[in-house]
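This report goes through one protein model piece by piece. Keep the sequence and the structure in view while reading.

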Amino acid sequence: MVQLDDRILEHLAEEGDADAWEIGFDLTGTVSPSRVTERCKVLLDAELVDRHEREVVDGRFETYWSITTWGEQFLAGDVDPSLDVPVPSPRPSYATRPSWWAGF
């Protein structure tokens, strides 16, 4: 995680739901909405934020981000998202190459 991730989580915890433009505008320094969206997608994968779609005008949707319970616990220092690693599973038979493929 980078420093921007912490700042995004803190902003969402204080201000509530926000879109990438609002988050980037309110953070100190100049952070582009595309960079905020990129980092929010990483936080989404770590289950620290949620994504919501809202219709603004007919057929036009905007993406809003909100902090999750895990995100609040991360800010409090109770959760370490780097410890949440998926357990590897065996490959299914349809995804395994036959022995002749490897030359055995």
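S32 is found in the loop between helix 2 and helix 3, the latter covering residues 33–45. The model is a predicted one. With a relative accessible area of 35%, S32 counts as partly exposed, because that value falls between the limits of 20% for buried and 50% for exposed.

In sequence, S32 and W21 are 11 residues apart. In space, their C-alpha atoms are 7.4 Å apart.

How many aromatic pairs does the structure hold? There is 1. The pair is made of W21 and F25, whose ring centres are 5.1 Å apart and whose planes meet at 10°, so the pair counts as stacked. The cut-off behind this is that planes under 30 degrees apart are called stacked.

W21 and F25 both belong to helix 2, which spans residues 20–26. They are 4 residues apart there, which means a separation of about one helical turn. Both residues are exposed.

## Overall layout

The protein has 5 helices and 3 strands. Read from the N terminus, the order of these elements is α-β-α-α-β-β-α-α.

The protein contains 104 residues, and 27% of them count as buried. Among contacts between residues at least 6 apart in sequence, 47% join residues at least 24 apart.

## Two buried aspartates

D5 is placed in helix 1, residues 3–15. It counts as buried because its relative accessibility is 0%. D5 forms a salt bridge with R39, with the closest N and O atoms 2.7 Å apart. This pair links distant parts of the chain, since D5 is in helix 1 and R39 is in helix 3, 34 residues apart. R39 is buried, as is D5. Leaving aside neighbours within four places in sequence, D5 is in contact with R39 and L43.

D19 lies in strand 1, which consists of residues 18–19. Does D19, a buried residue, have a salt bridge or no salt bridge? It has no salt bridge, and R60, the nearest side chain of opposite charge, is 7.5 Å away. A polar atom of the D19 side chain does lie 2.9 Å from the backbone nitrogen of E22. When residues up to four places away in sequence are not counted, D19 touches E62, T63, Y64 and W65.

A search of the whole structure finds 4 salt bridges. One of them joins R54 and D17, with the closest N and O atoms 2.9 Å apart. R54 is in strand 2 and D17 is in the loop between helix 1 and strand 1, so this pair ties together parts that are 37 residues apart in sequence. R54 is partly exposed at 36% relative accessible area, and D17 is partly exposed at 36% as well. R54 also lies over the face of Y64, at 4.2 Å from the ring centre.

R60 forms a salt bridge with E62, and the closest N and O atoms of that pair are 3.5 Å apart. R60 is partly exposed, with a relative accessible area of 46%.

E47 lies in the loop between helix 3 and strand 2, a strand made of residues 49–57. Its relative accessible area is 46%, so E47 is partly exposed.

Most residues other than glycine have a negative phi. E47 is not a glycine, yet its phi is positive, at about 60°.

Terms used
Residues are numbered from 1 along each chain as its sequence is written. This is a predicted model: local features need pLDDT of at least 70, side-chain atom pairs count only at pLDDT 80 or more; totals for chains, interfaces and linings use all residues. Side-chain values use heavy atoms; hydrogens and water are left out. Rings of Phe, Tyr and Trp (its six-membered ring) pair if their centres lie within 6.5 Å; planes under 30 degrees apart count as stacked, over 60 as edge-to-face and the rest as tilted. Buried means under 20% relative accessible area, exposed over 50%, partly exposed in between (1.4 Å probe, protein chains only). A charge sits over a ring if NZ of Lys or CZ of Arg is within 6 Å of the ring centre and within 35 degrees of the ring normal. Lys and Arg count as positive and Asp and Glu as negative; His and the chain ends are not counted. A polar contact is a pair of N or O atoms within 3.5 Å; within protein, one must be able to donate a hydrogen and the other to accept it, and residues adjacent in sequence count only if both atoms are side-chain atoms. Contact means heavy atoms within 4.5 Å.
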